[in-house]
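Please look over the sequence and the model, then read on.

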Amino acid sequence: MDQPSGRSFMQVLCEKYSPENFPYRRGPGMGVHVPATPQGSPMKDRLNLPSVLVLNSCGITCAGDENEIAAFCAHVSELDLSDNKLEDWHEVSKIVSNVPHLEFLNLSSNPLNLSVLERTCAGSFAGVRKLVLNNSKASWETVHAILQELPDLEELFLCLNDYKTVSCSPVCCHSLKLLHITDNDLKDWPEIRKLGVMFPSLDTLVLANNYLTTIEDSEDSLKHLFPNLRSISLHKSGLQSWEDIDKLNSFPRLEEVRLLGIPLLQPYTNEERRKLVIARLPSITKLNGSVITEGEREDSDRFFIRYYMDFPQEEVPFRYHELVTKYGKLEKLAVVDLRPRSRAKVEVHFKDQVEEMTVRLDQTVAELKKQLKALVQLPTSSMLVTHCDHEAPFGPEEMKYNSRALHSYGIRDGDIIYVDSKAK
């Protein structure tokens, strides 16, 4: 059945958490008792209403009866209204103002760009600590109104809002610790700089999928721009210079970096990407979600020295000289080919004949006998084949299993293969 349009928050709430759909469970804190209501009210006498309400994708366009919202939602702390049809901030305000203990609010994928949030309405959000406005296309004016009225806001999600620029708020938001602003179109560092000005206490900044092309500020400016930044995600940004990676060292408290999918690292192997980045960022403890151990850091530092030791002096990064001071000049690692041998040159002895032959080690004994047939002029069924390795402790070994591969006998260059005719 098609979902009717113009449904209210209160209507959806009563339908979803009615005793028929969400059976009442007895016990402290398990349900909410609501007194009998006027005839025709959609409310039931009793609802099992949790403190976390999930009402996403329900076609909600308005609040409904505010007294009923207050009666039901006095204890609610988290509310998910994502992917509904709310387009009027006044209706959102009616809901939120009657949920006094609300700390988490998700309004993602509602067409809230169709109205303006006035500060009088924004005041109803005052207790919210985590606010999600992904794909709401909320304007910066709306964001500013919210920031001025939410003194305890700690986490803000502004992804998929088509932002090409950032508009600075007239006041700083000192409470915000985490900002997700992924999948927008913020390519220029001056726009990111505004985020540092607006949110000076920011601990975590997630900028993935914005194609930021460069970090333009000086090291000294960066130090003061994000003084408390501990984690930054630059996944799928447009960074193309190692100098931009080096500038991340300017953030005095930075511990965690995410850098997958950037153009700079595309030409390198996975090992080179990780080790070269770790060596350039001596203060970070986690890269792309993985903890950097002391052993991995030392291995990366040494890898970095060897990687750049043959570069022209003008192309060697400053970090190279720092690491040489720490570890000294290192010798190149010996190149050892650990690939398994695929062929061996052996001597074939048959009666008085001795012939050199190259054999494939992945072939079977049966296939070897076919190769020997032209040389010894014996049917394969009449051949007695023996492998002799001079270093083997138990002497020659008969190769009597036709399906066994030659490499399993440990055949090497210089070994001897004896061929005899089976006794009749």
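Helices (H or I, at least four residues) and strands (E, at least two) are DSSP runs, numbered from the N terminus. The model is predicted.

## Leu222 in helix H7

Leu222 is found in helix H7. Buried means under 20% relative accessible area, and Leu222 therefore counts as buried, at 0% relative accessibility. Leaving aside neighbours within four places in sequence, Leu222 is in contact with Trp189, Ile215, Asp217, Lys247, Ser250 and Phe251. Leu222 and Arg343, by comparison, are 121 residues apart in sequence and 59 Å apart in space, C-alpha to C-alpha.

## Helices H1 and H2

Two packed helices are described by the angle between their axes and the distance between the axes. Helix H1 (residues 9–16) and helix H2 (residues 66–73) pack with their axes 10 Å apart, at an angle of about 40°. That angle makes H1 oblique to H2. The crossing of H1 and H2 is left-handed.

On the H1 side, the contact is made by Phe9, Met10, Leu13 and Cys14. On the H2 side, Glu68, Ile69, Phe72 and Cys73 take part. The residues of this contact divide into 7 nonpolar, no polar and 1 charged.

## Helices H9 and H10

H9 and H10 pack at an angle of about 100°, with their axes 8 Å apart. Angles of 65 to 115 degrees count as roughly perpendicular, so H9 and H10 are roughly perpendicular to each other.

Which residues make the contact of H9 with H10? H9 contributes Glu271, Glu272, Arg274, Lys275, Leu276, Ile278, Ala279 and Arg280. H10 contributes Glu296, Arg297, Ser300, Asp301, Phe303, Phe304, Tyr307 and Tyr308. The residues of the contact of H9 with H10 divide into 7 nonpolar, 1 polar and 8 charged.

## Aromatic pairs

The structure holds 10 aromatic pairs. One of them is formed by Trp89 and Phe125, which are edge-to-face, with 5.9 Å centre to centre and 65° between the planes. This pair links distant parts of the chain, 36 residues apart. Trp89 is in helix H3 (residues 89–96), and Phe125 is in the loop between helix H4 (119–122) and strand E8 (130–132). Both Trp89 and Phe125 are buried.

Tyr268 and Tyr307 form an aromatic pair that is tilted, at 6.4 Å centre to centre and 50° between the planes. The two tyrosines are 39 residues apart: Tyr268 is in the loop between strand E13 (256–258) and helix H9 (270–280), and Tyr307 is in helix H10 (residues 294–308). Tyr268 is buried, with a relative accessible area of 17%, whereas Tyr307 is partly exposed, with a relative accessible area of 24%. Tyr268 and Tyr307 belong to one aromatic cluster together with Trp242, Phe303, Phe304, Tyr308 and Phe311.

## Loop residues

Most residues other than glycine have a negative phi. Which value does phi of Tyr211 take? Phi of Tyr211 is near 55°, a positive value in a residue other than glycine. Tyr211 is placed in the loop between E11 and H7, and is partly exposed, with a relative accessible area of 39%. Phi of Asn288 is positive as well, near 55°. Asn288 lies in the loop between strand E14 (286–287) and strand E15 (290–291), and counts as partly exposed at 24% relative accessibility.

Not counting residues up to four places away in sequence, Ser283 touches Leu254 and Glu255. Ser283 and Phe251 are 32 residues apart in sequence and 9.8 Å apart in space, C-alpha to C-alpha.

How values were computed. Residues are numbered from 1 along each chain as its sequence is written. This is a predicted model: local features need pLDDT of at least 70, side-chain atom pairs count only at pLDDT 80 or more; totals for chains, interfaces and linings use all residues. Side-chain values use heavy atoms; hydrogens and water are left out. Axes are lines fitted to C-alpha atoms, for helices over the stretch in contact, and angles run from 0 to 180 degrees between N-to-C directions. Angles under 35 degrees count as roughly parallel, over 145 as roughly antiparallel, 65 to 115 as roughly perpendicular and the rest as oblique. A crossing is left-handed if the near helix is turned anticlockwise from the far one by less than a right angle, and right-handed if clockwise. Contact means heavy atoms within 4.5 Å. Ala, Val, Leu, Ile, Met, Phe, Trp, Tyr, Cys and Pro count as nonpolar, Asp, Glu, Lys and Arg as charged, and the others, Gly among them, as polar. Rings of Phe, Tyr and Trp (its six-membered ring) pair if their centres lie within 6.5 Å; planes under 30 degrees apart count as stacked, over 60 as edge-to-face and the rest as tilted. Buried means under 20% relative accessible area, exposed over 50%, partly exposed in between (1.4 Å probe, protein chains only).
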